[in-house]
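I set down here, in order, what I looked up in this structure.

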Amino acid sequence: LASHLDKIKESVRKLRAYSLKPDRGAIKINQNENPFGTPERIKREVLARMTQRSWERYPDFIPTVVREKLASFCDWTPEGIVVGNGSNELIQSLLMVSITEGRRVLISEPTFALYRQVATVLGGEIKSIPLKEDLTYDIDELLSAVETFRPDVTIICSPNNPTGCVIEDQDLSRLLDATTGLVAIDEAYYEFRQASAKSLIARYPNLVVFRTFSKAMALAGLRVGYLIAVPEIATEVSKSVLPYNLNLMSQIAAEVTLEMYTEELLPLVDMIIKERDLLYESLKAITGLEPLKSSGNFMVVRSSISPKRVYDELLNRDILIRDVSGYPMLQDYFRVSVGTPSENASLISALKEIFSETSGRIQ
Ligand SMILES: Cc1ncc(COP(=O)(O)O)c(C=O)c1O
């Protein structure tokens, strides 16, 4: 190995770079974003406020106003909230203040790839409990891993990207009762589940909840996420967050989004939930496809044709999905985000075409 790489940690060199294919499609259902786009009223108000502010000055050291608005939005104390440049940044920050060489991280896979990646970079020892065959959380195995592996941090994604499964409060409580470590719940998609583990923080001060503005809040391009925890934990995590992490425009956009959430975004969330259920039924009706019920704004679909081929065929028709067949247990699956009604109709008609053309042929 070239000597200029000698000082890079071995665990990092072994890690495969986290990447996303740069393909583009007119119908973009590969990243679980809000398909309806940022509401015009929100955009216009953000731009109006931007013209009134000083771009040449640093933004707030920490986004105080956003934090206060989030506190009332979540019915929580501002001291227990940390705002990040996307929730990714906060996941990294939590692991940075808790994981060093030899510390233990418990996850369940397949899940969002970032947990393993960041924990590995930090030198953590990772134990991964496979999902059950039905692609839901294996609570018994997680509980026994808590006993034997004694994790410093347990990270659970709920609803889980990519399978859409959740951890119920009573199961999460059992995990929290059993562990002395921190438990992080990634709730990037909680709006589509219409439930949250947040209220458990009052009983379990070792529980940390992550959320994002990138999905239901339709703000992925501006990178805003937040963490909810007891103030003592929030204070410690803040020590690894860079000052001025949230730029002026992102701060303003987050404020406006919170002010207009009920009027502008909640109806879209409701529509996405309805569309998800319709999409599930339509996918199920196609021979060769088996969608999995999901609590997120996406679902994985088991396919009798190789997911790679489905991906290519859809891309030819200007539809961009996510091939998740490289994830453990998901060799036969692709993932779609719930789109607008017309996007979902286009997806279904494209899939009907693809699956009727190939039915009867040997794969
Ligand atoms: C489970 C999960 N957590 C976090 C994120 C990233 O969120 P953010 O854009 O806030 O960094 C995603 C985005 O795909 C996700 O699926």
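I located proline 162 in the loop between β5 and α7; helices (H or I, at least four residues) and strands (E, at least two) are DSSP runs, numbered from the N terminus. The peptide bond that leads from asparagine 161 to proline 162 is cis, and its omega is near 15°.

I noted that proline 159 also belongs to the loop between β5 (153–157) and α7 (169–178). Serine 158 and proline 159 are joined by a cis peptide bond with omega of about -5°.

I recorded the basis of these entries: the model is predicted, local features need pLDDT of at least 70, side-chain atom pairs count only at pLDDT 80 or more, and totals for chains, interfaces and linings use all residues. Residues are numbered from 1 along each chain as its sequence is written, and side-chain values use heavy atoms, with hydrogens and water left out.

I then looked at arginine 150, which lies in the loop between α6 (139–149) and β5. Its phi is positive, near 45°, although the residue is not glycine.

I turned to the ligand and found 14 residues around it, the closest being Ser87, Asp186, Tyr189, Thr212 and Ser214; a residue counts as near if one of its heavy atoms lies within 4 Å. By class, this shell holds five nonpolar, six polar and three charged residues. Here Ala, Val, Leu, Ile, Met, Phe, Trp, Tyr, Cys and Pro count as nonpolar, Asp, Glu, Lys and Arg as charged, and the others, Gly among them, as polar.

An N or O atom in the side chain of threonine 212 is 2.5 Å from a ligand oxygen. For serine 214, the distance from a side-chain N or O atom to an oxygen atom of the ligand is 2.6 Å. Arginine 223 has a polar side-chain atom 2.7 Å from an oxygen atom of the ligand. The protein covers 91% of the 390 Å² of accessible area (Shrake-Rupley method, 1.4 Å probe) that the ligand has on its own.

Technical notes: A polar contact is a pair of N or O atoms within 3.5 Å; within protein, one must be able to donate a hydrogen and the other to accept it, and residues adjacent in sequence count only if both atoms are side-chain atoms.
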